[in-house]
2 protein chains.
Amino acid sequence: MKYQIKDYLRHHGFVDQTLTVQGWVRTKRESKNVNFIALNDGSTINNLQVVAEAGVIPEDILKLVTTGAAIAATGILVDSQGAGQTVELKVTSIEVYGTADPDAYPLQPKRHSLEFLREIAHLRPRTNTFSAVFRVRHALAFAVHKFFSDNGFFYWNSPIITGSDAEGAGEMFRVSTLDPKNPPLNEDGSINYKEDFFGKETNLTVSGQLEGELAALALGKIYTFGPTFRAENSNTTRHLAEFWMIEPEMAFFDLYDNMDLAEDFVQYVIKYALDNCVEDLAFLEKRLLEEEKNKPQNERSPMPLLEKLQFVIDNDFERLTYTQAIEILLQSKPHKEKKFQYPVEWGIDLQSEHERYLVEKHFKKPVILTHYPRAIKAFYMKQEVDRPEDKGPTVRAMDVLFPGIGEMIGGSQREDNLEKLVARMKEVGIEPESMDWFLDTRRFGSAPHSGFGLGFERLIQFVTGMGNIRDVIPFPRYPKSAEF
Amino acid sequence: MKYQIKDYLRHHGFVDQTLTVQGWVRTKRESKNVNFIALNDGSTINNLQVVAEAGVIPEDILKLVTTGAAIAATGILVDSQGAGQTVELKVTSIEVYGTADPDAYPLQPKRHSLEFLREIAHLRPRTNTFSAVFRVRHALAFAVHKFFSDNGFFYWNSPIITGSDAEGAGEMFRVSTLDPKNPPLNEDGSINYKEDFFGKETNLTVSGQLEGELAALALGKIYTFGPTFRAENSNTTRHLAEFWMIEPEMAFFDLYDNMDLAEDFVQYVIKYALDNCVEDLAFLEKRLLEEEKNKPQNERSPMPLLEKLQFVIDNDFERLTYTQAIEILLQSKPHKEKKFQYPVEWGIDLQSEHERYLVEKHFKKPVILTHYPRAIKAFYMKQEVDRPEDKGPTVRAMDVLFPGIGEMIGGSQREDNLEKLVARMKEVGIEPESMDWFLDTRRFGSAPHSGFGLGFERLIQFVTGMGNIRDVIPFPRYPKSAEF
C-alpha cells in the first residue's frame with residue numbers, strides 16, 4: 001500500500017529520500033522568498049510542511065496552490081529547521097490536480113462555526129475538527145468489532161426492513177413502493193399492503209434486539225452493529241432519526257454478567273481510541289477548551305478530554321439499584337430545596353436532571369443503575385422475584401449513565417419464561433400471536449440470556465467531546481433534514 | 001469472559017477439572033446403560049460429548065434432555081474413550097433450562113431441506129449448516145474491517161435514508177411518515193412532501209459510493225460497509241432487496257491501484273476465513289458434496305470447497321480488457337456453434353453466459369475485466385482517452401468476475417474532471433443541479449480517485465458454497481417476503 005503523510009511524519013527512515021506526496025493544501029504562506037505549504041492527505045491531523053524555495057516552482061503553478069487545492073509535491077524529505085515538525089519536504093516540482101478558487105471555496109483558513117459547517121456537510125470532513133472526529137469514529141468502530149470478535153461474539157445482521165410491528169420501541173418510518181398518491185385499496189377502504197413490495201406493511205427497524213435474541217439462543221454470543229431509525233420529532237443535541245446501534249446479546253449471561261460485559265466493553269473501546277488516536281483527541285481537547293472559554297465556569301467540562309477518558313478507564317463504574325438511587329435523590333440538596341423540576345418518588349421514570357445529579361454531582365463517574373420498576377420498562381425484561389429492599393415489582397434492567405451524556409447503554413436480562421413473557425405482553429397490549437416467532441425462542445430450548453444496546457453516536461460524542469450529535473455522524477438525519 | 005465449548009475442545013488444560021457447560025442438546029443416544037448427549041453452545045461446529053452413566057441423572061430429568069433443550073451439565077472433563085472427540089464430560093448433574101417438546105420442535109435430528117429451513121429462519125441458526133454459515137459470515141465481516149483498518153482506511157457511514165434521487169443505480173424504496181391513505185397534497189394535486197418527516201421525498205440508499213467519494217477526497221482512503229436496498233422484482237438465487245455492501249473509495253488511486261487493491265482485499269478475506277473457520281468450512285464442503293451427489297457431473301463444482309478457496313488465494317487474477325474479452329468470445333466454440341443465447345459483438349453488455357465462459361471455461365480462475373464501452377457504464381466512471389486498441393469510447397471500469405458467482409466486484413476510476421462529468425450527466429439525463437454537492441468535490445480540490453463495490457452476500461456465497469443468497473443472510477428480504 002502506498003505511504004501516506006502519517007507514515008512520513010512517523011518513521012524517520014524516509015529522510016533524504018525523494019518522494020512524491022499527494023494531498024490537499026491547508027495553508028500557504030510566504031516568508032523571505034520561501035513558500036511554506038501545509039499539506040494534508042487525511043491520514044492524520046498533522047500537516048507535512050512543503051518548502052518551495054524561491055524560483056523552484058513556476059509562478060503560474062504556485063498561484064494555483066491555494067487552500068483546498070489537490071496537489072502532488074515531489075522533492076526530498078529533510079529534517080526540519082522550523083519548530084513544530086520533525087521533517088519537511090523540499091520540493092523540486094508540484095503538479096496541481098484540482099484547484100480551489102479562493103473566491104468560491106467555502107473552507108478558507110479561518111474559524112468556521114459548527115452550524116455553518118453542518119450546512120456544507122459534504123465538505124466538512126476536510127476540516128481539522130471533522131477529520132479528527134471521523135478518524136476517531138473509525139477507531140471506535142473497529143474497536144467494537146475487535147472487542148467482540150476477540151471475545152467469541154459473532155457479528156449478526158438483524159434486518160433493517162422489518163415486517164414486525166410490535167416492538168413498540170418508538171415511532172417508525174414506513175417503507176413502501178406503492179403508488180403514494182393512489183395506493184391500492186381493499187374493499188373496506190384500507191390500503192391493500194398485499195400489493196406492496198413485500199406483500200405486507202413494512203417499516204425501518206428501531207432495534208435489532210429481538211432478532212439478536214434468537215441468534216444468541218443459537219450461536220451463544222452475538223452482537224449487532226447497524227443503523228436503526230426513530231421517526232420522532234426530536235430536535236435535540238442527543239437525538240437522530242438515523243443512528244448506529246451496537247446490541248450484544250448473550251446466552252447464559254445473567255444481569256451481573258451483563259453489567260461486567262458493558263463496563264469492560266466501554267472501557268476497552270475508549271482505551272483503544274486513546275491508544276490509537278491520541279493526536280486527534282489532543283486536537284479535540286484543545287477545540288473543546290477553546291469552545292468552552294466563553295461559557296460560565298459551571299457549564300464547562302469538569303476535566304480536560306484526555307483526562308476524562310483516562311478517568312473512565314481507570315475507575316470502576318458505580319453500581320446501585322434504582323431504589324438506592326431514589327433514596328439518594330430524596331436525600332439530595334436539590335430535592336430538599338425543591339430545585340428539581342420533576343418530583344422524586346419510587347416509580348418515576350428518572351429525568352435527565354436526576355440522572356445528571358447522580359452521575360455528575362453525587363458519584364462523579366459512570367453509574368450503572370439496576371432493578372427499575374417493572375411498570376416503566378420494556379415487556380421483554382426479566383421479572384425480578386419480590387425482594388424486601390424494593391418498593392414494588394422490578395425487572396432485571398440496567399442503564400449505564402455517563403457524565404454529560406446521560407443514558408449511554410440500556411440493557412437487561414431477558415424474560416426467558418414463556419408464560420411470564422406472554423402475560424406481560426398482554427398487560428402492555430402486544431398480541432402474542434403477532435410475535436409468535438419470537439416466542440418460539442422461549443418455547444424451545446429457552447435459556448437465561450441478557451443483552452444491551454449502545455447508541456454509537458453517543459459514545460462518539462463522549463469520546464470526542466462534541467456537544468451536538470449531528471456533528472459525529474457524516475450526514476445527520478433529523479426532522480426536515482435529509483440533505484446529500 | 002466465560003469459557004465455551006470451543007475452548008474446552010481446543011485446550012487440553014481443562015482435563016480433570018470439574019466444569020459446568022451450558023448449551024443445547026443436539027442429540028441423545030442410549031448405549032449399554034450410558035446416555036451420550038451431544039451438546040453444542042454455538043461457539044463451534046463441534047459438539048461436546050456429555051456422558052451420563054446409568055443412575056447418575058434422575059430419569060425425570062433425563063427424559064427432558066431432548067434435541068433442542070437448553071441445559072447446564074456439570075461434571076469432570078476427561079480424555080475421551082470414543083472415536084471422534086478428544087475429551088468428554090462425565091456428568092454428575094444436569095439442570096434443564098428450557099425443554100423442546102419433540103412433538104412440537106421443528107428441528108429434529110434428521111435432514112431438513114434448505115427450503116423448509118428458510119421458512120423457519122428464526123430457528124435455522126440452530127442447525128449445523130446455518131451456524132457454520134453465520135460463523136463464516138462473522139469471520140469475513142471482521143476480516144473486511146481488519147484489512148481496511150490495517151491499511152489506513154477509515155470506516156465511513158454513508159446515509160441509509162437519502163434525499164438524493166439521481167443515483168440511478170436501481171429502483172428505490174420510499175421512506176415516509178405521511179398518512180399513506182390521505183397524504184397532504186399541493187394545489188396541483190401532487191403530494192406535498194414538504195410535510196413529510198424530512199421535508200422532502202426520501203428513499204433507501206442503493207449505494208453509499210457518492211458520499212464515499214467526498215469522504216475519500218477529504219480523508220484519503222475510506223470504506224463503507226452497510227446495508228443497501230434495491231426494489232427490484234428479482235426472484236433469483238443472486239439477488240436480495242436488502243443486502244450489505246462494501247465500498248472502498250481512495251484518493252490518488254488510479255484504475256491499476258484499484259485492481260491491485262481489489263485482488264489483495266478478496267484474497268485477504270478468503271485467507272482469513274480459511275485461517276479462522278477451517279472446521280466450519282470443512283463441514284460446508286461435505287454438505288456441498290452431499291448436495292451435488294445427485295447432480296449431473298457438469299453441474300457439480302469443479303473443485304472441493306477448501307481447494308477452490310486455496311486456489312483463489314494462490315493464483316493471480318487474470319486481467320484483460322473488455323475488447324480482449326470480446327475477441328476471446330468471438331473465437332470461442334460456443335459462439336462459433338451458436339450456443340450462446342445472446343449475440344457477441346463489441347458494445348454489448350456481457351451476459352451471464354459470456355462471463356461464465358470466460359471465467360469457468362477459458363481462464364478457470366477469477367478475472368478482472370477493464371475498459372468497458374462508455375455507453376454501458378455509469379456516468380461517474382472516468383472516460384479513457386481514445387486508444388487504438390479499443391473499438392470505441394471506453395471508461396476506466398473494472399469488474400471482477402468469480403467462478404459460480406459472476407460479478408463479485410464492480411468498480412472504476414472516477415471521473416475527476418468537472419466539465420467531462422457534467423457533460424456525461426447531461427447525456428444520460430441527470431440534472432447536474434440535482435447533485436451540486438457531489439460536483440463540489442470536482443469543483444474544489446479534485447483529484448484522481450477510484451473505488452469499487454462488493455456485495456457481501458455474494459462473497460459469503462462463494463466462500464461457503466451456498467447456492468442461494470437467501471441462505472447466507474439471517475433474514476432475507478425479497479419480493480413478497482419480509483418475515484420476522
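**Cavities.** A cavity here is a set of grid points where a 1.4 Å probe fits but cannot get out. With that in hand, I went looking in this predicted model. I got three cavities of 30 Å³ or more.

**What lines the largest cavity?** I listed 16 lining residues. Nearest the centre sit R174(A), D179(A) and P180(A) from chain A, plus R174(B) and P180(B) from chain B. Then I sorted the lining by type and noted 10 nonpolar, two polar and four charged residues.

**Where the chains meet.** Next I looked at the contact between A and B. Chain A puts in 118 residues, and chain B puts in 118 residues. Together they bury about 9,400 Å², with 66% of that on carbon and sulfur atoms. On the chain B side, I found that F197(B), F252(B) and F444(B) lose the most area to chain A, together 8% of what that side buries.

**A helix pair in chain A.** Last stop: α12 (418–428) and α13 (436–443), both in chain A. How are they angled? Their axes are 9 Å apart and cross at about 150°. Angles over 145 degrees count as roughly antiparallel, so α12(A) and α13(A) are roughly antiparallel. I wrote down who touches whom: L418(A), L421(A), V422(A) and M425(A) from α12(A) meet F438(A), L439(A), R442(A) and R443(A) from α13(A). By type, this contact has six nonpolar residues, no polar ones and two charged.

Note on methods. Residues are numbered from 1 along each chain as its sequence is written. Chains are lettered from A and ligands numbered from 1 in the order in which they are written. This is a predicted model: local features need pLDDT of at least 70, side-chain atom pairs count only at pLDDT 80 or more; totals for chains, interfaces and linings use all residues. Side-chain values use heavy atoms; hydrogens and water are left out. On a 1 Å grid over the protein atoms alone, a cavity is a set of points where a 1.4 Å probe fits but cannot get out, and a pocket is an open set with protein on both sides within 12 Å along at least five of seven lines; lining residues have an atom within 4 Å of a point. Grid points are joined across faces, edges and corners, and a volume is the space filled by probe spheres set on the points. Ala, Val, Leu, Ile, Met, Phe, Trp, Tyr, Cys and Pro count as nonpolar, Asp, Glu, Lys and Arg as charged, and the others, Gly among them, as polar. Axes are lines fitted to C-alpha atoms, for helices over the stretch in contact, and angles run from 0 to 180 degrees between N-to-C directions. Helices (H or I, at least four residues) and strands (E, at least two) are DSSP runs, numbered from the N terminus. Angles under 35 degrees count as roughly parallel, over 145 as roughly antiparallel, 65 to 115 as roughly perpendicular and the rest as oblique. Contact means heavy atoms within 4.5 Å. Buried area is the accessible area (1.4 Å probe) that two parts lose on being put together, summed over both.
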